[in-house]
Amino acid sequence: TADPVKPGDMTNVARKIEPTLAGKPERLSQYISFFSRELGNDSRLCAFDVSAEAVKGQQVRLNGFVEFPETRHSLKEFLKALGFDVEDRLESLPAESLGNRRFGLVAKPHTYVFDRPSGKRKQENDLLIGEPLLLLREQDGHLLVHSREGYLGYVSSSEVIRSDGTAYEKYLAGASVLITKDIPGKTGIGF
């Protein structure tokens with residue numbers, strides 16, 4: 001595997017939204033949205049949920065979460081290029097609260113993946129029993145996960161069997177089956 005690419009200078013990116021690089025605290029939400037769109041943080045693939053609040057003058061506080069350290073670094077450099085002093089309160093994913101159980105399997109014959117854990121939400125995908133998952137964080141009874149295809153979304157915590165890396169690797173290396181139809185009755189799997 002290759003080493004991560006070091007993020008470049010964010011000054012040119014910042015000039016696209018503020019040519020004079022004079023950032024305005026009242027435009028912080030626009031800067032965050034611009035950053036997300038400009039740097040290709042596809043919400044279906046990359047966990048990025050960030051808000052910025054003005055603290056005092058050019059001081060800003062970042063809240064929320066990011067998946068990749070390169071994204072976090074680039075966001076801070078982007079805001080610094082706009083003249084802000086950045087207080088970073090972002091959660092890095094996978095969340096420490098998951099402990100060593102950062103892997104999982106879909107435990108039900110069929111489960112839905114949503115764009116957010118609660119409230120008005122949209123179904124993004126669906127998963128089948130036994131599908132391996134990478135767990136990122138838990139919120140409102142749902143886990144933010146990456147599916148086998150790399151897509152991101154929230155699934156009900158009760159429909160996931162959590163595991164540590166050793167059991168997960170053993171499961172992936174083991175024998176597998178292809179389920180071609182639903183079987184009536186109570187079904188499920190386990191490690």
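Student: Which strands each supply at least two residues of the lining of the second largest pocket?

Tutor: First, the general idea: rolling a probe the size of a water molecule over the atoms shows where empty space is left. A pocket is an open set of points, on a 1 Å grid over the protein atoms alone, where a 1.4 Å probe fits, with protein on both sides within 12 Å along at least five of seven lines; lining residues have an atom within 4 Å of a point. Strands (E, at least two residues) and helices (H or I, at least four) are DSSP runs, numbered from the N terminus. Here the strands in question are β1 (48-56) and β10 (152-156), and β10 gives the largest share, three residues.

Student: On what basis are these residues numbered and judged?

Tutor: The model is predicted, so local features need pLDDT of at least 70 and side-chain atom pairs count only at pLDDT 80 or more, while totals for chains, interfaces and linings use all residues. Numbering starts from 1 along each chain as its sequence is written, and side-chain values use heavy atoms, with hydrogens and water left out.

Student: How many residues line the second largest pocket, and which lie nearest its centre?

Tutor: The lining has 17 residues, with S43, F48, D115, R116 and Y154 nearest the centre. By class, nine are nonpolar, three polar and five charged. In this scheme Ala, Val, Leu, Ile, Met, Phe, Trp, Tyr, Cys and Pro are nonpolar, Asp, Glu, Lys and Arg are charged, and the others, Gly among them, are polar.

Student: Is R61 buried or exposed?

Tutor: Buried means under 20% relative accessible area, exposed over 50%, and partly exposed in between (1.4 Å probe, protein chains only). R61, found in strand β2, counts as buried because its relative accessibility is 17%. By contrast, L172 of helix α4 (residues 165-173) is partly exposed, since its relative accessible area is 46%.

Student: What does R61 touch?

Tutor: Contact means heavy atoms within 4.5 Å. Leaving aside neighbours within four places in sequence, R61 is in contact with S51, A52, E53, V55, E87 and R89. The side chains of R61 and E87 are also joined by a polar contact of 3.1 Å; such a contact is a pair of N or O atoms within 3.5 Å, and within protein one must be able to donate a hydrogen and the other to accept it, while residues adjacent in sequence count only if both atoms are side-chain atoms.
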